[in-house]
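Please keep the sequence and the structure in view while reading.

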Amino acid sequence: MATYVHRFADGGKDDKDLLGGKGANLAEMVKIGLPVPPGFTITTEACRAYMRDGVVPPELRVEVTMAVREIEDAFGRQLGDVRDPLLVSVRSGAKFSMPGMMETVLNVGLNDASVRGLAEMAGDERFAWDSYRRLVQMFGRTVLGLDGDLFADALDTLKAERGVTSDVDLTADDLRGLVATYKALVLEHSGREFPQHPREQLDMAIEAVLDSWNTDRARLYRRRERIPDALGTAVNVCTMVFGNLGEDSGTGVCFTRDPATGHSGVYGDYLPNAQGEDVVAGIRNTFPLAHLEELDPTSYRELLAAMRKLETHYRDLCDIEFTIERGKLWLLQTRVGKRTAAAAFRVATQLVDEHLITLDEAISRTTGEQLTQLMFPQFDRSGETTLLTRAMAASPGAAVGEIVLDNAQAEARAAEGASVILVRRETNPDDLPGMVVAAGVLTARGGKTSHAAVVARGMGICAVVGADKLDVDLTAREVRVDGQVLRPGDVIAIDGSTGEVFLGEVPVMDSPVMRYLSDGLDAGLAAAPDDATRELVVAVDRILEHADSVRTMEVRANADSADDALRARARGAQGIGLCRTEHQFLGERRHFVEAVVLAESDEEREAALADLLPLQRGDFVGLLEAMDGLPTTIRLIDPPLHEFLPDLTELSVKVALAERDGGADPRDVKILGAVRRMHEQNPMLGLRGVRLGLKIPGLFALQIRAVAEATVELRERGFDPRPEIMVPLVGSVREMHLVREEALGILTEIGRGSGHLLDLPVGCMIELPRAALTAHRIAEEADFFSFGTNDLTQTTWGMSRDDVEGAFFHDYLDNGVLTISPFETIDALGVGALVRVGVEGGRSTKPELKIGVCGEHGGDPESIRFFQGAGLDYVSCSPFRVPVARLEAARAAV
Ligand code: ADP
Ligand code: MG
Ligand code: MG
């Protein structure tokens with residue numbers, strides 16, 4: 001018989017594939033002797049079988065029976081017994097945490113009979129009925145699929161009738177009545193009675209949790225987080241412990257360090273006399289953990305000891321869900337805690353200083369994505385601001401946008417290009433589509449562990465939560481704060497690092513981390529407003545410095561101007577991997593190119609090129625001076641010539657109109673002729689790159705000459721310029737041969753004339769499948785390779801990026817043909833195979849061949865990992881992403 005069920009005692013933290021994250025960590029806690037209520041985990045294998053067959057595997061029922069009976073026997077209680085009932089929770093738990101996405105049902109086993117047993121056992125009628133009404137409510141919503149508002153409204157109505165504001169003030173009789181109301185709602189809206197049989201409840205709850213893997217919102221979340229749909233969830237069945245048994249009971253969530261700021265020292269929320277869901281749902285405002293120390297010092301100390309044990313065991317920041325039942329502490333969940341970008345860097349270096357992890361591990365604990373978040377601007381506070389309110393800083397960042405109150409509004413305004421801030425009383429998983437498009441989230445209720453906070457941190461958007469002065473009125477469609485009335489469309493600014501909410505625009509400024517990256521450690525420290533930020537800047541510096549010492553790939557930048565080059569160099573670029581020279585021909589210089597194209601004789605063309613020479617030389621002098629001593633790859637002109645010429649249709653109309661009105665400008669007529677001649681159906685596959693250089697005599701020669709002269713000039717001024725000449729869009733070794741001959745001729749001639757040895761490397765881009773496939777031949781004529789993965793992706797897929805992204809990528813992501821755009825993350829299977837073939841071919845001819853990549857992929861973490869595996873020598877990316885690539889290249893190497 002397959003084993004679909006594992007006792008908590010049978011597993012450990014490394015069994016996440018099979019037991020899910022929650023199950024694996026519950027097992028680990030049992031293993032290290034922490035107090036976990038007894039239970040078992042139904043494996044992800046069962047879920048996969050269920051997804052495959054559409055029915056729960058029959059063996060599962062049997063195994064569940066055996067596992068339940070074991071617990072029953074150990075405790076001398078039975079599930080749903082009339083006297084002293086065993087109750088369980090049925091909890092989802094996939095390999096990767098999907099906060100709030102999936103279902104959990106508490107208090108399974110309660111029915112009209114066992115509720116009395118529970119009351120008797122606890123000596124508390126009110127508690128028993130409160131637990132029962134929670135079961136009917138959760139079961140109705142989660143298992144039977146009823147609208148949660150039905151129950152919430154009934155509860156609100158009852159509170160209003162009784163004139164109370166908190167659930168805690170409802171009496172046992174009130175709650176008994178509420179159970180009757182709830183059961184009637186179940187019957188009315190689902191057409192069936194609330195199931196009284198405990199085992200039926202258990203089986204239905206298990207099935208509901210399995211089903212929750214495939215809800216729309218869970219799928220949407222997985223697509224965003226790139227979690228495969230095939231994994232399935234585990235289901236944890238866990239003996240209930242009660243935090244709602246009076247004032248000596250309660251429930252909470254805590255962290256071994258602050259997950260928002262990374263501040264060392266424990267951190268958490270506690271809610272007396274409540275069940276776990278109350279904290280997570282943000283229904284009542286919680287107390288800081290310190291409150292527990294006053295209420296129940298023994299449990300508090302025990303909790304601290306458990307936190308220390310967990311942090312030592314996992315050697316990382318842990319988050320923990322716990323419940324205290326009449327003075328007895330129970331741990332219900334732990335995991336290595338999610339954290340903000342700032343916290344990731346600070347905690348990693350704190351753990352290094354505490355000798356719990358090595359610097360190599362610290363690198364693997366921080367990501368390029370997190371570093372990117374820290375590079376974003378923050379609010380500039382020097383001017384006047386209007387503070388509306390201050391609440392909990394739940395996810396950092398500075399967001400300015402107009403208020404939207406629901407998904408529809410958020411999506412509509414975002415589609416129109418507006419920056420929006422989703423303002424809600426509290427969020428729940430249904431609000432995900434609105435959060436996805438929002439710049440920030442502001443809620444009136446909930447703590448740092450509420451849904452809004454957790455999800456926003458995961459998505460890297462800014463969030464302020466628990467703003468209790470905020471009155472979000474969806475009926476009037478307005479938000480009231482201290483007498484002020486705001487409506488959708490009004491602009492607010494929220495600071496997810498401080499919790500401030502401002503009325504109107506607030507200007508934003510560079511982040512201190514960005515200052516550090518651009519201008520060095522002292523500048524970064526000077527820009528940091530407080531100690532926490534100073535610690536952060538130092539942490540980033542230490543981690544990047546170590547990253548530089550362990551990575552094996554170089555990081556270069558794509559830069560076309562001296563300014564960009566200097567910026568990239570300051571951020572740690574070790575060279576320029578791609579200077580796109582065509583960018584130097586745009587703008588005012590466009591007419592020089594026009595002249596080259598329109599030239600009717602060799603003399604005319606040569607004259608036009610001669611005009612361009614000093615300009616190009618000047619460009620290269622600037623660039624090479626900025627990159628003094630570092631390799632600087634200059635790519636010969638690449639784009640189709642029509643990009644320099646006017647639009648065919650526009651010019652035709654202009655000429656036609658002018659002719660009607662008495663005669664067109666002869667120059668326009670001439671240009672029109674050229675535009676017609678050069679017009680292409682598929683410019684991306686037309687006259688560009690090396691083809692252009694071979695067709696228009698003197699064009700590449702001009703650029704090569706400019707590079708050579710700039711090199712001579714700088715050497716004579718005492719610099720050490722290191723240009724590398726790169727030929728684009730090569731498909732055949734013969735193309736490369738022709739350009740190389742020309743280049744060597746020019747370099748020799750200028751070298752002789754100036755008395756300098758100009759042995760500049762001449763290499764090529766590998767951006768056509770044929771180039772990759774014939775790389776062994778091309779390498780005979782190339783001193784280096786650089787993969788142009790943008791074009792290589794276009795030509796491998798046969799898709800022009802500009803044409804397809806808007807047209808059908810969305811459908812392709814929906815139907816799963818693509819899981820992510822291949823222009824964002826390299827398609828390792830297809831395009832990646834060509835990269836591997838190209839590397840192998842090139843190095844079979846020249847074992848020492850230097851090979852890099854200069855497409856957008858050079859700055860993408862997952863792609864960087866691939867390039868490391870493929871044996872590349874360097875990645876080249878935008879100046880902004882250089883620090884990210886430094887970190888990611890190190891992460892790929894350790
Ligand atoms: P999530 O993954 O959404 O956190 P959980 O399965 O952890 O869902 O459960 C939701 C809430 O119910 C949590 O606060 C948890 O602590 C609480 N809970 C789950 N199982 C039990 C139990 N056996 N006894 C008491 N509280 C529980
Ligand atoms: Mg939980
Ligand atoms: Mg290209």
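Ala, Val, Leu, Ile, Met, Phe, Trp, Tyr, Cys and Pro count as nonpolar, Asp, Glu, Lys and Arg as charged, and the others, Gly among them, as polar. The model is predicted, with local features needing pLDDT of at least 70 and side-chain atom pairs counting only at pLDDT 80 or more, while totals for chains, interfaces and linings use all residues. Residues are numbered from 1 along each chain as its sequence is written, and chains are lettered from A and ligands numbered from 1 in the order in which they are written.

The shell around ligand 1 divides into seven nonpolar, eight polar and three charged residues. In total 18 residues surround ligand 1, the closest being S89, R91, T104, G276 and E321; a residue is near a molecule if its C-beta atom, placed from the backbone, lies within 6 Å of it. Among the elements that each supply at least two residues of this shell are β5 (88-94), β6 (104-108) and β11 (318-325), whereas α10 gives the most, with three residues. Helices (H or I, at least four residues) and strands (E, at least two) are DSSP runs, numbered from the N terminus.

Because domain 1 and domain 2 both give residues to the shell, ligand 1 lies between them. The bounds below come from an automatic or database domain assignment.

| Domain | Residues |
|---|---|
| domain 1 | residues 5-239 |
| domain 2 | residues 250-339 |
| domain 3 | residues 378-509 |

The centres of domain 1 and domain 2, taken over C-alpha atoms, are separated by 22 Å. Between them, 14 residues of domain 1 are in contact (C-beta atoms, placed from the backbone, within 7 Å) with 12 residues of domain 2. On the side of domain 1 that touches domain 2, helix α1 (residues 16-31) gives the most, with five residues.

Key
Contact = placed C-beta atoms within 7 Å.
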